[in-house]
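Please keep the sequence and the structure in view while reading.

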Amino acid sequence: MIIKTVELTAVAVRPQQYPEINLPEIAFAGRSNVGKSSLINVILNRKRFARTSSSPWKTQTINFYEVNNAFRIVDLPGYGYARVSKTEKEKWGSMVEGYLKSRENLLKVVQLIDARRPPTDMDMQMYEWLRYYQLDGFVVATKSDKISNNEKQKNISNIRKGLGLNKEDILLLVSSLNKQGKDQLVGLLEELLWDEVKVNE
Ligand SMILES: Nc1nc2c(ncn2[C@@H]2O[C@H](COP(=O)(O)OP(=O)(O)OP(=O)(O)O)[C@@H](O)[C@H]2O)c(=O)[nH]1
Ligand SMILES: [Mg+2]
């Protein structure tokens, strides 16, 4: 896929602020700080387009990145950050759930899991939920540069088990730092988009 143009078309906290439903969307979900925004920058070939931060809870809005005027990558705010008030968590819940449940042009969700640890309860709940709504696209394990090759096999298998992935379900190991898995990731996105848009035009 050749990225010709990238545009932040909307920053939303409520449906009225979403862009039109004229283009297909793929959303990125995962725990706060797992690396969603960083990975989106890798896909977009932009260093700091999606804002990232070492302190959790950086992305607190739903950000729509339009690529080649053909599809959108949607950066969701992360879940599971302990130091957030109950009210904030509820606000997050209704904002993200509202988007995921009602968005007609949402094709699939890419779920991100930290490659260093087993999935958290919230990771598992999220994945169950996505599966229930048939929004489960594929899973990526992030920050692979932080684990050794020995750990990779073991951790991948723990994540697969924790999420209850089937043999045919995809789990891709990625790193935004050394770009491991980038080409496969872009390939998988192309596959999801294939029927919807001519990604290479
Ligand atoms: N070593 C390493 N660090 C990473 C990687 N991806 C992200 N990080 C770091 O992890 C931190 C969080 O990254 P973000 O991309 O902001 O995470 P996020 O999931 O968007 O977080 P929220 O917006 O808070 O939900 C930053 O300090 C990144 O530099 C990676 O692949 N390898
Ligand atoms: Mg973010």
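## Overall form and sheet

The protein chain exposes about 10600 Å², of which carbon and sulfur atoms supply 47% (Shrake-Rupley method, 1.4 Å probe). This is a predicted model, in which local features need pLDDT of at least 70 and side-chain atom pairs count only at pLDDT 80 or more, while totals for chains, interfaces and linings use all residues. Residues are numbered from 1 along each chain as its sequence is written, chains are lettered from A and ligands numbered from 1 in the order in which they are written, and side-chain values use heavy atoms, with hydrogens and water left out.

Five helices and seven strands occur in the protein chain; these are DSSP runs, helices being H or I of at least four residues and strands E of at least two, numbered from the N terminus. The seven strands form an open sheet of mixed pairing, in the order β1-β3-β4-β2-β5-β6-β7 (two strands pair if DSSP finds at least two bridges between them). Because β1 and β7 stand at the edges with a single partner strand each, one side of each is left without a neighbour in the sheet. Within the sheet, β2 and β4 pair in the parallel sense over four bridges.

Helix α2 has 17 residues and reaches 24 Å from its first C-alpha to its last. Its buried residues (under 20% relative accessible area, 1.4 Å probe, protein chains only) are Trp92, Gly93, Met95, Val96, Tyr99 and Leu100. They pack against the elements below (contact means heavy atoms within 4.5 Å).

| Element | Residues |
|---|---|
| β1 | residues 6-12 |
| β2 | residues 25-30 |
| β3 | residues 62-67 |
| β4 | residues 71-75 |
| β5 | residues 106-114 |
| α3 | residues 121-132 |

Key. Expected span 1.5 Å × (residues − 1). Buried < 20%, exposed > 50% of the residue type's maximum accessible area, 1.4 Å probe, protein only.
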